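My notes follow in the order I took them.

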Amino acid sequence: MILMITGCAGGLGKELAKEAFAAGHSILITDINEKELKKIASPWKNEKDRVLVSKLDVTSPNDWKKVMDLAYKKWGKIDALLNVAGYLLPGYIYEVPAAHIDRHMDINAKGVMYGTREAAARMVAAGAGHIVNIASLAGVAPISGISLYSTSKFAVRGFSLAIAQELKEKNVFVTVVCPDAIKTPMLDLQKDYEQASMTFSGDKVLTAEEVTGIILGKVLTKKPLEVLIPGSRGILAKIGNAFPATAGILGPMLKRKGLKKQSTYVKG
């Protein structure tokens, strides 16, 4: 299978790139951090038939076209696009600068939309394809303290569910993956922000390996519409979203639990 993956310079994207290659897939790995991307790709310098490496600014439609052209020139297709690149900076809305609003929406939401648009046009023409968008459980139930991230992931989830209806009749599938907190540099960053305490309120922190296994296994083989990780916390998130007033009751309790776990969380 030929996969294009964004956000490969670290975290989930990096793990997906490594495991996808190990599983025998051909990969186009991308990130805006070209220096780190090249370090990650260095073990594959002699694997030019199976590995393409390219800088990609997901907020640029022109970049998306240029990078995807590379894959189509080399392989003639992309079987699946994995939109992984993301951005998070905690903060309450009354203390964040306007630029932080733009950055969350430009990278997390518009970046996914630009990439999906570019891939969908090609996949529809080919009559086959799969688009996998990484959202979050914070895009299923609203999370205070990371409201900008939560909002942008709500956008990713809503967008994915809507376009799935548009593309299914063209034999192009869409899956939105909504994981809980994953032990990555993005989570490490949140350790030092009291505003992000709700992020740590789960019973356990997911590993990038766990989520990667689900994506390269269940997601790519069965092409489900939506995957919540873990499922039990995903159901709670859906219930919480269906009854927004419960946040006022459960929120303080979850924040206390999160603060306690946040204080003992070990980075790296």
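This is a predicted model: local features need pLDDT of at least 70, side-chain atom pairs count only at pLDDT 80 or more; totals for chains, interfaces and linings use all residues.

The charged end of R50 sits over the ring of F21, and I get 3.9 Å to the ring centre. I also found K223 over the face of F173, at 6.0 Å from the centre of that ring.

Next I looked up aromatic pairs. My search of the whole structure turned up three. For Y92 and Y94, the ring centres are 5.7 Å apart and the planes stand at 20°, so I logged the pair as stacked.

Then I turned to helix α5, which runs over residues 147-168. I noted 22 residues and a reach of 31 Å from first C-alpha to last, close to the expected 32 Å. Its buried residues include L148, Y149, V156, F159, I163 and L167. I asked what the buried residues of α5 pack against. My list has α4 (98-126), β5 (129-134), β6 (172-179), α6 (185-190), β7 (226-229) and α8 (231-242).

Last, I picked S152, which is in α5. S152 is buried, with a relative accessible area of 0%. Leaving aside neighbours within four places in sequence, I find S152 in contact with H104, M105, N108 and A109. I also noted R103, which is 49 residues from S152 in sequence and 9.9 Å away in space, C-alpha to C-alpha.

Definitions and conventions:
Residues are numbered from 1 along each chain as its sequence is written. Side-chain values use heavy atoms; hydrogens and water are left out. Helices (H or I, at least four residues) and strands (E, at least two) are DSSP runs, numbered from the N terminus. The expected span of a helix is 1.5 Å times one less than its number of residues. Buried means under 20% relative accessible area, exposed over 50%, partly exposed in between (1.4 Å probe, protein chains only). Contact means heavy atoms within 4.5 Å. Rings of Phe, Tyr and Trp (its six-membered ring) pair if their centres lie within 6.5 Å; planes under 30 degrees apart count as stacked, over 60 as edge-to-face and the rest as tilted. A charge sits over a ring if NZ of Lys or CZ of Arg is within 6 Å of the ring centre and within 35 degrees of the ring normal.
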